[in-house]
Amino acid sequence: MLTAPNERLKRLIRQTLLIRRIEERVIELYPSDKIQSPVHLSIGQEPVAVGLCEAMTPQDILFTTYRGHAYYIAKGGTLPELMAELYGRSGGVSGGKAGSMHLAAPEVGMMGSSAVVASTIPHGVGAALAAKLRGEKQAVITVFGDGATEEGVYHESLNFAVLHKVPVLFVCENNALAVHTSLAERQAFDTESHAKAYGINTTVIEDGNDLIKIGDVTAKLLASLRAGGGPEWLMIKTYRYKEHVGPGDDFDAGYRKRADMEPWWKSDPLNRYADIVKGMEAEVKAEIDRAVAFAEASAPPAPEQLLTDVE
Amino acid sequence: MRRLSFGDAVRECLTQEMERDPSVFVYGIGVPDFKAIFGTTAGLAEKFGPQRCFDTPLSEESMTGFALGAALKGMRPVHVHIRVEFLLLAMNQIVNMMSCHNYMTGGRTPLPVVIRAIIGRGWGQGAQHSKSLFSYFTHIPGLKVVAPTTPRDAKGLLAASIRDNNPVIFLEHRWLHWIEDDVPAESFVEPLGVARVMREGRDLTIVATSWMNVEAMHAAKILAGAGINIEVIDPRTLAPLDIDPIVKSVKKTGRCLVADYDWLHSGFSAEVAAQVSELCFGDLKRPVQRIGFAPTPCPTVRTLENHFYPNAETIVRAVERMLDRPAMDLSGIDFYSHERRFRGPF
């Protein structure tokens, strides 16, 4: 159960709202072809990113996936540079070389995101062991989807992290879908009991819309890492409202039912706290307008930019 | 100057780099064990402790991605593989992640990672412990590829690779580990991206990779007996390729033979041949020729293996054809001393 709205909850709701509305703006803009690359929207899953990042300091390190807009924003990445990146403009966070799928903002600890599923999992293990060797109290979270738990590199990374007591938090953001294929059609194993087999502590949050709970649980797990504990494993169940890639809905595609969405829609903090949300809309819209205006005004990268940053 | 083997030069370099920079660490399957990757990592775990020299599970992809994460946190990992074939299990991390990470972040995440791997012939290693795979790596922008031949270059180029801020694939031929030569005792750097003229000559230019430099020097000595004067160039860094000294040489000799330690089709030799053909077209007296592995998997049995790998004899014959010379009598010349020296089991 969510507690009564207080300042903390309002802050988390506002961040969730900001992510939702900026991705809805992406949907609006998409037919104009101003964004000329695939977009994997996190709409429906925003509370996971918001809750996880609430527990992190800007120095803490995050690795994530191609469904990364929410993480970029929640970790503290700036909005105008995000929008300009989606537009492929020189003012973008990576000058247009990353786009939607490879967002990174190392200055706020958002170290990278990958379009190849599971590939950033070992990056988190390496960064966490490096931080430990350097005596830095940085916490590291590596986020992946449920599909990633089928990849070999996930198993390899869990094994090494437990073996070497690497202070990293593995987070499985479980929307029970890999593109259009359900968990039941893909996995012969139970994800949590499989992880337990490596001897890692596991935690499962059933309600991925519970901002406070995600924040609290993450804070507790990160405190354990900072105190010198070994790796932790957290699964957060959530729900993807939109199609795997692109701006549309796909409930008529046959692989899932609109009714599946109903419980998530009900517990969606933006619906649950509609009254609070209402009071935030104007300010959030203005913030997004500014970001879009920045992107519109930003020049495309000069052709010579093609050859920079490769060595 | 003091003489040192290639393998000991690698070990000395690792030791000195770990001494001078606490962010350097060395790891990989078997790295701290009693065989220590043919001795090249011997003593590191004892000297620097298990945090800076450690073994890993058999998890090539994860342990490669691990290097990327550690490099992002300011470390300089050196990941070691006893055979280059094992890198095929890590290609996702090397090609999809490491090579482009810094580019995708607009230059904000340089990755100082070195991946060392042993290549080439040993003792009946068969199809899966015998390759070089140069072009697998040289094909990818964002990777540097280094293949030293001499002990001095092994030391200096490895130091440069460790200090470089890009991912470097460092490929060492198994037999080169025994080669001995003068190597400075102090720490030093040989710059990456600079070719070395191994031998000057006027009649024909051989561009040779890794072990093929040993064979090319052997061939040049045999050919010198017949009055043929060969220039041998070791690119040392296969990517980026220092083409200028090669062009200069071919403009002088008018003939170019690329002796690659790899398959020819779509290989590094094709790149050299293409560039030389483009840049020296008017000066070439003959089309650029190439020699390399037979277009088959590597056989295990020695009689076939002898025909799979090119050697000095292959080079002599190719040079004779390019110079319209009759075939020399090569009976009595020993072409396989190293292969006999290697007595296994691995």
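How many residues of domain 1 of chain B are in contact with domain 2 of chain B, and how many of domain 2 with domain 1? The legends below take up this contact along with other views of the predicted model.

**View 1. The contact between domain 1 and domain 2 of chain B.** In this contact, 24 residues of domain 1 of chain B meet 24 residues of domain 2 of chain B. On the domain 1 side, two or more residues come from each of α5 (134-138), β6 (144-146), α6 (151-163) and β7 (168-173) of chain B. That side of domain 1 has 12 nonpolar, 9 polar and 3 charged residues.

**View 2. The two domains of chain B.** Domain 1 covers 3-182 and domain 2 covers 196-341. Their C-alpha centres are 27 Å apart.

**View 3. The side of chain B that touches chain A.** Chain B gives 32 residues to the contact and chain A gives 34 residues. Both α3 (60-72) and α4 (91-104) of chain B supply at least two residues of the chain B side. The largest share of that side, 9 residues, belongs to α3(B). Sorted by class, the chain B side holds 11 nonpolar, 18 polar and 3 charged residues.

**View 4. The fold of chain B.** Chain B contains 12 helices and 14 strands. Its radius of gyration is 20 Å, close to the 20 Å given by the globule rule for 346 residues, so chain B is as compact as a globular protein of that length. Along the principal axes, the C-alpha atoms of chain B fill a box of roughly 60 × 45 × 40 Å. Of the 346 residues in chain B, 54% are buried. Among contacts in chain B with a separation of 6 or more, 78% join residues 24 or more positions apart.

Conventions
Residues numbered from 1 in each chain as written. Chains lettered and ligands numbered in written order. Predicted model: local features only at pLDDT ≥ 70, side-chain atom pairs only at ≥ 80, totals over all residues. Helix = DSSP H or I, 4+ residues; strand = E, 2+ residues; numbered from the N terminus. Rg over C-alpha atoms; globule rule 2.2 N^0.38 Å. Buried ≥ 20, exposed ≤ 12 C-beta atoms within 10 Å, placed from the backbone. Contact = placed C-beta atoms within 7 Å. Nonpolar A, V, L, I, M, F, W, Y, C, P; charged D, E, K, R; others polar. Domains from an automatic or database assignment.
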